[in-house]
Amino acid sequence: MKELDPLLHSQLRLAVMSILMNVDEADFVYLKEKTEATAGNLSVQLDKLSSAGYITIEKGFVGKKTRTACRVTDLGREAFENYVAALRTYLNL
């Protein structure tokens with residue numbers, strides 16, 4: 001059986017990646033609302049995904065407000081697809 005990627009096996013990181021797989025980009029506020037995570041926990045998990053090269057994080061300003069935008073990378077897309085394929089082998093789908 002295929003091994004599940006421990007980085008993606010975390011509930012919050014898996015939720016973030018699932019969201020990002022379906023959009024061009026998502027900002028921090030959107031991800032926070034969709035995952036119902038605390039700002040601190042989401043920030044830590046985004047850093048882990050970014051460090052692994054699964055997402056890119058762009059920080060900037062919209063007017064006077066900061067904006068953090070996240071996008072899935074090709075490596076992240078591949079890792080997610082492999083994770084889903086591994087899950088399917090466990091579920092016999």
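**E36 and the overall fold**

Q: Is E36 buried or exposed?
A: E36 is exposed, at a relative accessible area of 73%. Exposed is over 50%, buried is under 20%, and partly exposed is in between (1.4 Å probe, protein chains only). This is a predicted model, where local features need pLDDT of at least 70 and side-chain atom pairs count only at pLDDT 80 or more, while totals for chains, interfaces and linings use all residues. Numbering runs from 1 along each chain as its sequence is written, and side-chain values use heavy atoms, with hydrogens and water left out.

Q: Where does E36 lie?
A: In the loop between α2 (28-35) and α3 (39-51). Helices (H or I, at least four residues) and strands (E, at least two) are DSSP runs, numbered from the N terminus.

Q: OK, zooming out: how many helices and strands?
A: The protein chain has four helices and three strands, in the order α-β-α-α-β-β-α along the sequence.

Q: What does the C-alpha trace span?
A: About 50 × 25 × 20 Å along the principal axes of the protein chain.

Q: How many of the residues are buried?
A: Of the 93 residues in the protein chain, 34% are buried.

Q: And which contacts join residues at least 24 apart?
A: Taking contacts (heavy atoms within 4.5 Å) between residues at least 6 apart in sequence, 54% join residues at least 24 apart.
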